[in-house]
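Hi,

Here is the structure I promised to pass on.

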Amino acid sequence: MLVASASQELVFVVEVGGIRLDRWLAQHAPGGLSRSRLQALITQGYVQVNGQPAEPAYKVRPGDRIVLTVPPPEPVALVPRPLPLRILYEDADILVVDKPPGMPVHPGPGHAQDTLVNALLAQVKNLSGIGGALRPGIVHRLDKDTSGLLLVAKNDTAHQALAHQIQERRLHKGYLALVWGVPYPPEGTVDAPIARSPRDRKRMAVVPGGRPARTRYRVVRPFGECALVEVWPETGRTHQVRVHMQAIGHPLVGDPLYSRRRTHLLGRQFLHAAILGFAHPRTGEWMTFHSPLPADLQRVVAALERGERL
């Protein structure tokens, strides 16, 4: 039972005891604080029981007075940048973003300030922080040149709940891809382990003993030399769609890393995260979002419909 609250200090009185302190707080503290975050706060001395520091494993007792001090999120070395970014949905826990092509998700060599994270820090004003740091929680990733839907957590609890959905394969991600050739059969599953390529460390590859990976595909429209394909990865390995389609002889059109063929119509791989479905981390409500093909990919499809060659 929460009996008092001042600024970032929360005071509780235990009514029913017998469970670990970290578990008890996870059940009674306000949303946004995960059990792992609470464990860290306890270990760092931000939780007192009856006026004394306690351990996460302490078994609470009826009448215990627990004081939890939540420090403000620590700023991280990221610069907010007002970059163009389309946010399809936002609430206190999550964001759904339609990422444009050419935008990296995380800062890295050559991309220190032009990433999705920089854009989110500029646009989203009520981040509670992930792991105690003032930053958005990227639940899953897209390659820099892959466009489409991306799910972002705004607090620890949402991040852990969504990560759990990914582990249980309950988060649905559907892509549209243009591949060289027309896959046969027109509908199937690629079940092949993926690991870092032993020949080229910049590439991933189907490697015996690699991490399990499974991808479903369905031909949406054949165009002779290529085909528009709907792809549903059931696991989340790096470059999974690109690697699996290349492994069955149908690499993505425009893919500079996994295809030797080139096209004058496109300057990136034709891969778009078009469908995203998940259970809301707080309410459990099933949510589905759709993203149409961006302009550059629409132009390619229109050219193929006119009978042009790639």
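Below is what I found, sorted by topic.

Some ground rules to start. This is a predicted model, so bear in mind that local features need pLDDT of at least 70 and side-chain atom pairs count only at pLDDT 80 or more, while totals for chains, interfaces and linings use all residues. Numbering runs from 1 along each chain as its sequence is written, and side-chain values use heavy atoms, with hydrogens and water left out.

**Aromatic rings**

The structure holds 3 aromatic pairs. To count, rings of Phe, Tyr and Trp (its six-membered ring) must have centres within 6.5 Å; planes under 30 degrees apart are called stacked, over 60 edge-to-face, and the rest tilted. Phe12 and Trp24 make an edge-to-face pair, because their ring centres are 5.8 Å apart and their planes stand at 90°. That pair links distant parts of the chain, 12 residues apart: Phe12 sits in strand S2 (residues 9–13) and Trp24 in helix H1 (residues 21–28). (Helices, H or I of at least four residues, and strands, E of at least two, are DSSP runs numbered from the N terminus.) Both Phe12 and Trp24 are buried, where buried means under 20% relative accessible area, exposed over 50% and partly exposed in between, with a 1.4 Å probe and protein chains only.

Phe278 and Phe289 are a stacked pair, 6.1 Å centre to centre with 15° between the planes. Phe278 is in strand S18 and Phe289 in strand S19 (residues 286–290), so this pair ties together parts that are 11 residues apart in sequence. Phe278 is buried at 0% relative accessible area, and Phe289 counts as buried at 13%. Ring pairs also bring in Tyr89, which forms a cluster with Phe278 and Phe289.

Arg261 is in the loop between H5 and S18 and Glu225 in the loop between S16 and S17, so the bridge ties together parts 36 residues apart in sequence. Arg261 is partly exposed at 42%, whereas Glu225 is buried at 16%.

The structure holds 17 salt bridges. Among them, Glu168 pairs with Arg170 at 2.7 Å between the closest N and O atoms; Glu168 is partly exposed at 43%, and Arg170 is partly exposed at 35%.

**Asp255**

Where is Asp255? It is in the loop between helix H5 (240–247) and strand S18 (271–279). Asp255 counts as buried, at 0% relative accessibility. Its side chain makes a polar contact with the side chain of Arg242 at 2.8 Å (a pair of N or O atoms within 3.5 Å; within protein, one must be able to donate a hydrogen and the other to accept it, and residues adjacent in sequence count only if both atoms are side-chain atoms). Leaving aside neighbours within four places in sequence, Asp255 is in contact (heavy atoms within 4.5 Å) with Arg242, Arg262 and Gln269.

Cheers

Technical notes:
A salt bridge is a side-chain nitrogen of Lys or Arg within 4 Å of a carboxyl oxygen of Asp or Glu.
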